[in-house]
Amino acid sequence: MSNSLFTYALRMGDTHNVLAHRMAEWCSNGPTLEEDIAMTNIGLDHIGAARAWLTYAGEVEGKGRDEDALAFHRNEREYFNMLIAELPNGNFADTIARNLMFDLFAVNFYEQLLKSADETLAGIAAKVIKEAKYHLRHTVSWTVRLGNGTEESHQKMQAAVNEVWRFTGNMFEVDN
């Protein structure tokens, strides 16, 4: 077993899993019905990505744990998700800023992962990149909309970006 590959797959699976649950918190709380549905669907996309990553982590680990065991049968200290995923939703601008930073990372990450010699990693990237690009279009659209909206929406969006920015360094940590 490659411990670093296991941790790497676990980190990505955990990150998508936590983001999925954060997005699920918006169910019935979105600013519009259309956005409520969009955010719920984004959460479901993250569940799909989490399943792929956690399934692979279980295979690499070789201890018979599947995605459910890895997702739900560990204590909080055994999760390796990126810190940005844990940020509370706060107001809508806070969620959009968090998702924007992650989506920018994810699109670039998955574009590079498509080139992996590991067929499973390249396969996960091929599946997830389509959704990641949609998520990025969605968050960019809302970032511009809020930033160019009212003075209040502009201030909230700028404050959210300023706050979330400090969590981006964690996205680039290397698992040894």
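**Burial, contacts and packing**

At 8% relative accessibility, Phe 6 counts as buried, because buried means under 20% relative accessible area, with exposed over 50% and partly exposed in between (1.4 Å probe, protein chains only). This is a predicted model, in which local features need pLDDT of at least 70 and side-chain atom pairs count only at pLDDT 80 or more, while totals for chains, interfaces and linings use all residues. Residues are numbered from 1 along each chain as its sequence is written, and side-chain values use heavy atoms, with hydrogens and water left out.

Phe 6 belongs to helix α1; helices here are DSSP runs (H or I, at least four residues), as strands are (E, at least two), numbered from the N terminus. Apart from neighbours within four places in sequence, Phe 6 is in contact with Ala 57, Val 60, Glu 61, Arg 65 and Leu 70, where contact means heavy atoms within 4.5 Å. Phe 6 and Ala 57 are 51 residues apart along the chain, yet their C-alpha atoms are separated by 5.0 Å.

Helix α1 (residues 3-24) also packs against helix α4 (residues 92-113), at an angle of about 145 degrees and with the axes 13 Å apart. Axes are lines fitted to C-alpha atoms, for helices over the stretch in contact, and angles run from 0 to 180 degrees between N-to-C directions. The crossing of α1 and α4 is left-handed, that is, the near helix is turned anticlockwise from the far one by less than a right angle. On the α1 side the contact is made by Tyr 8, Met 12, Thr 15, His 16, Leu 19, Arg 22 and Met 23. The α4 side includes Phe 102, Phe 105, Phe 109 and Tyr 110. The residues of this contact divide into nine nonpolar, four polar and two charged; Ala, Val, Leu, Ile, Met, Phe, Trp, Tyr, Cys and Pro count as nonpolar, Asp, Glu, Lys and Arg as charged, and the others, Gly among them, as polar.

Which residues touch the most other members of the largest nonpolar core? They are Trp 53, Ile 84 and Tyr 110, in a core of 49 residues. Such a core is a set of buried Ala, Val, Leu, Ile, Met, Phe, Trp, Tyr and Cys residues joined through side-chain atoms within 4.5 Å. Two or more residues come from each of α1, α2 (33-61), α3 (67-72), α4, α5 and α6 (151-165), and α4 gives the most, with 13 residues. Beyond four places in sequence, Trp 53 touches residues including Tyr 8, Met 12, His 16, Phe 109 and Tyr 110.

Thr 139 is placed in helix α5 (residues 119-147) and counts as buried at 1% relative accessibility. The side chains of Thr 139 and Asp 103 are joined by a polar contact of 3.2 Å. A polar contact is a pair of N or O atoms within 3.5 Å; within protein, one must be able to donate a hydrogen and the other to accept it, and residues adjacent in sequence count only if both atoms are side-chain atoms.

Glu 173, in the segment after α6, is partly exposed, with a relative accessible area of 47%. Its side chain makes a polar contact of 3.1 Å with the side chain of Asn 170.
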